[in-house]
Amino acid sequence: MTGYNALAEVYEWLISDAKLAPAEFAASFDDVLNLLPSNAHVLDCSCGTGQLAVGLAGRGMQVVATDASETMVRRTAELSEEFGASVRAVRANWEELPDHFQDNTFDMVFCVGNSLHHAVGARGRVAALESMSRLLRPGGRLVLTSRTWELVRARGSRLDISGRLVRRNGRDAIVVYRWEIAPHWEEEHHIEIAIAQVDTTGLVHVRSELLSCWPYRYEELEVELHRVGLQTEPSTFDLEAENYMVVASKV
Ligand SMILES: C[S@@+](CC[C@H](N)C(=O)[O-])C[C@H]1O[C@@H](n2cnc3c(N)ncnc32)[C@H](O)[C@@H]1O
């Protein structure tokens, strides 16, 4: 299990303005959501602080939100309450999902926002994808978004410091990513993330966490999706873009 319990408390400083509002976050998936009935059963299996899950519930969908981090799950439940949304929030790793839900339950499963790289290596990734696939009903779709690791690895180890202050809840912070790129694709990589909040007296409060991740090439991901019984639809993968979305349907 990778971290996130420390980052969960300050996660809003890490997400873009576009993802902060639940309705807007959900709307960014309009193309796939339009394929669903309005009361569809959907699962967000790496829900983070819950903006997508709450946005989906706001559309009338029956939403379950899961995450490996207890703190993320608590924050999702709090956000749901704040918005009066009906979201069932459950702490579960991907591998544990079949213990909580029956096979063929969901019309759509989301695994978005650079989550899958936390699965431990190719074996962990396939096990995670296998769980997600099992829970989909035949014809249901997995929606996955990912960092373009081909680009990230080409840049090598480095420090990325936000070019401007990020303001959330009336507080400014500098966000720092330290990328530790291992020599080989299959090795454990690290991302250390620090959020340095500056208070009104000039004091700096830092929250940071070292996260492990196991990158993958888009080509590998496609093969792995097929291995777990999912058929990929045309994706947005582009070697020059930072992120991509892949949708795969259960055969
Ligand atoms: C980068 S965050 C993305 C959160 C959210 N989907 C978003 O877009 O803001 C990655 C999330 O994956 C979760 N995660 C990491 N490993 C996991 C695992 N093995 N099973 C389930 N969730 C996991 C983390 O706790 C974290 O909430």
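How many helices and strands does the secondary structure of the protein come to? Colour by secondary structure and you get 10 helices and 12 strands, counted as DSSP runs numbered from the N terminus (helices are H or I, at least four residues; strands are E, at least two). A word on the model: it is predicted, with local features needing pLDDT of at least 70, side-chain atom pairs counting only at pLDDT 80 or more, and totals for chains, interfaces and linings using all residues. Residues are numbered from 1 along each chain as its sequence is written.

Zoom out to the C-alpha atoms: along the principal axes they fill a box of roughly 55 × 45 × 30 Å.

Next, select helix α8 (residues 121-135) and helix α10 (residues 218-227): they pack at an angle of about 45 degrees, axes 9 Å apart. Axes here are lines fitted to C-alpha atoms, for helices over the stretch in contact, with angles from 0 to 180 degrees between N-to-C directions. Show R125, V126 and L129 on α8, then E224, L225 and R227 on α10, and you have the contact (C-beta atoms, placed from the backbone, within 7 Å).

Now hop to E242, in the loop between β11 (230-232) and β12 (243-250). Is E242 buried or exposed? Exposed, because 9 other C-beta atoms lie within 10 Å (the cut-offs are 12 or fewer for exposed, 20 or more for buried, partly exposed in between, with C-beta atoms placed from the backbone). Leaving out residues up to four places away in sequence, E242 touches R147, T148 and L151.

Note on methods: Contact = placed C-beta atoms within 7 Å.
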